[in-house]
Amino acid sequence: MLDFINTFIKAAFIENLVLSYFLGMCSFLAVSKSVKTATGLGLAVIFVQGITIPVNWLISEYLLVETGVFGIDLTFLRFILFIAVIASMVQLVEMVVEKVSPALYNSLGIFLPLITVNCAILGGSLFMISREYNFSQSVAFGLGGGMGWALAIIAIAAIREKLRYSNIPAPLQGLGIAFIITGLMGMAFMSLMGIDPAAFFTK
Amino acid sequence: MTENKVNKLSFLAFGKKERRLITEPINDNNPITVQILGVCSALAVTSMMWPSIVMSVAVLFVVAFSNFFTSLLRKYIPSQVRMIVQLVIIAFLVTVVELFLKAYSFPVWKQLSVFIGLIITNCIVMGRLEAYAMANTPWKSFLDGIGNSLGYGVILVVISFFREILGKGTLMAGSPLEVKLIGKSSEFLINTADTSWLSWYSNNNLMVLPVAAMFILAIIIWIQRSVNRKLINIS
């Protein structure tokens with residue numbers, strides 16, 4: 001349990017996927033113009049991330065290794081299988097969102113299917129492999145990583161909504177200033193480095 | 001007879017239009033600064049020059065060939081499943097690149113770690129497939145892929161140049177061309193005289209962090225849009 005909380009907090013705040021690894025920047029910059037759509041996309045990312053990472057953990061642990069079901073080393077198939085899991089999960093989310101909330105579906109538009117190619121999702125799965133998480137850690141990492149991503153995109157969307165009223169040099173407007181703000185947010189999140197969540201809970 | 005031969009070769013033509021396919025993405029339609037594609041890896045791998053050059057070459061290979069293959073298959077891919085088909089093509093090419101790097105350039109492979117795999121979700125690849133290769137001939141798509149990855153590579157090299165020289169004082173560290181340019185002379189690889197005029201400089205650790213890439217990229221965009229004012233109102 002402690003392990004779970006520790007990994008969750010680490011993934012959401014200290015090793016935030018956007019602000020300290022800069023993954024998922026494309027949709028982060030493109031969809032962050034209003035808080036409402038940013039929230040919708042953030043929730044979709046939490047859901048997709050929270051499911052695909054544990055599923056990919058099961059796949060790589062039980063199907064792709066030599067001691068797994070097939071008895072041969074299939075790690076070279078990792079990328080293709082991971083991306084297939086992600087693509088089908090995104091398709092599922094798309095169908096659910098279309099049924100449950102057509103308004104949100106319309107406002108997200110093309111960016112919903114594009115979650116498939118959001119680097120944060122595949123990056124999460126690959127980090128899960130390279131850091132050798134166990135199952136409960138991978139669940140925590142999926143949820144925490146998604147939460148961190150959603151937090152970051154909602155925060156920058158709020159800042160960019162306010163920025164519309166400020167006087168920025170014309171060539172720096174839009175993309176340029178968005179990069180600078182993201183950089184500053186990244187520096188702010190760096191101040192969380194060195195926090196040890198486990199130590200807090202054991203006391 | 002000769003006319004027939006010319007027609008057969010004309011799909012490999014390299015005229016003005018084809019040259020524009022390569023030159024345009026380097027400045028006017030740069031994938032990173034104008035189309036906002038492939039930003040993630042541009043920020044994450046650019047702390048040193050050598051890995052970012054390797055990364056650019058890997059992206060060049062993947063973009064050019066996935067554009068080519070998708071364009072070959074474009075008439076046979078049903079539009080509902082086109083994303084899956086494209087992803088399979090990309091994932092195949094990326095797997096090839098990853099195994100190649102792992103075999104021939106292990107330190108760089110280690111340094112790039114997950115970012116080689118992340119070429120699959122690099123928006124440049126998917127973006128160019130959707131925007132160009134699905135509607136154009138294989139040869140043109142191939143050139144478009146080369147042009148866009150060159151535009152990507154130029155930005156990567158510029159960012160990593162500043163980050164490496166200000167953050168570590170070296171250039172091309174890890175490659176055969178490694179040099180140490182600024183910093184204390186005792187750390188120089190080529191032992192020059194102690195009177196190096198840049199020996200007062202101590203490394204800026206902020207430049208090593210990905211945050212610095214954000215600021216450098218913002219400055220590049222600022223300069224590019226000040227010079228090329230027609231880009232100002234794009235996003």
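Between them, chain B and chain A of this predicted model bury about 3400 Å², where buried area is the accessible area (1.4 Å probe) that two parts lose on being put together, summed over both. Carbon and sulfur atoms account for 86% of this area. The contact (heavy atoms within 4.5 Å) draws 40 residues from chain B and 41 residues from chain A. Zero salt bridges are counted between chain B and chain A, a salt bridge being a side-chain nitrogen of Lys or Arg within 4 Å of a carboxyl oxygen of Asp or Glu.

On the side of chain B that touches chain A, at least two residues each are supplied by α3 (39-44), α5 (82-104), α7 (114-117), α8 (123-131) and α10 (210-227) of chain B. Helices (H or I, at least four residues) and strands (E, at least two) are DSSP runs, numbered from the N terminus. The largest share of this side, ten residues, comes from α10(B). By class, the side of chain B that touches chain A comprises 30 nonpolar, seven polar and three charged residues; Ala, Val, Leu, Ile, Met, Phe, Trp, Tyr, Cys and Pro count as nonpolar, Asp, Glu, Lys and Arg as charged, and the others, Gly among them, as polar.

Residues are numbered from 1 along each chain as its sequence is written, and chains are lettered from A and ligands numbered from 1 in the order in which they are written. In this predicted model, local features need pLDDT of at least 70, side-chain atom pairs count only at pLDDT 80 or more, and totals for chains, interfaces and linings use all residues; side-chain values use heavy atoms, with hydrogens and water left out.

Chain A contains ten helices and zero strands. Its C-alpha atoms fill a box of roughly 60 × 45 × 30 Å along the principal axes. Buried residues make up 50% of the 203 residues in chain A, with buried meaning under 20% relative accessible area, exposed over 50%, and partly exposed in between (1.4 Å probe, protein chains only). Of the contacts in chain A with a separation of 6 or more, 78% involve residues 24 or more positions apart.

Chain B has ten helices and two strands, in the order α-α-α-α-α-α-α-α-α-β-β-α along the sequence. Of its 235 residues, 51% count as buried.

Within chain A, N56(A) is placed in helix α4 (residues 35-62) and counts as buried at 0% relative accessibility. The side chains of N56(A) and S125(A) are joined by a polar contact of 2.7 Å. Beyond its neighbours within four places in sequence, N56(A) is in contact with F82(A), V85(A), I86(A), S125(A) and M128(A).

Conventions: A polar contact is a pair of N or O atoms within 3.5 Å; within protein, one must be able to donate a hydrogen and the other to accept it, and residues adjacent in sequence count only if both atoms are side-chain atoms.
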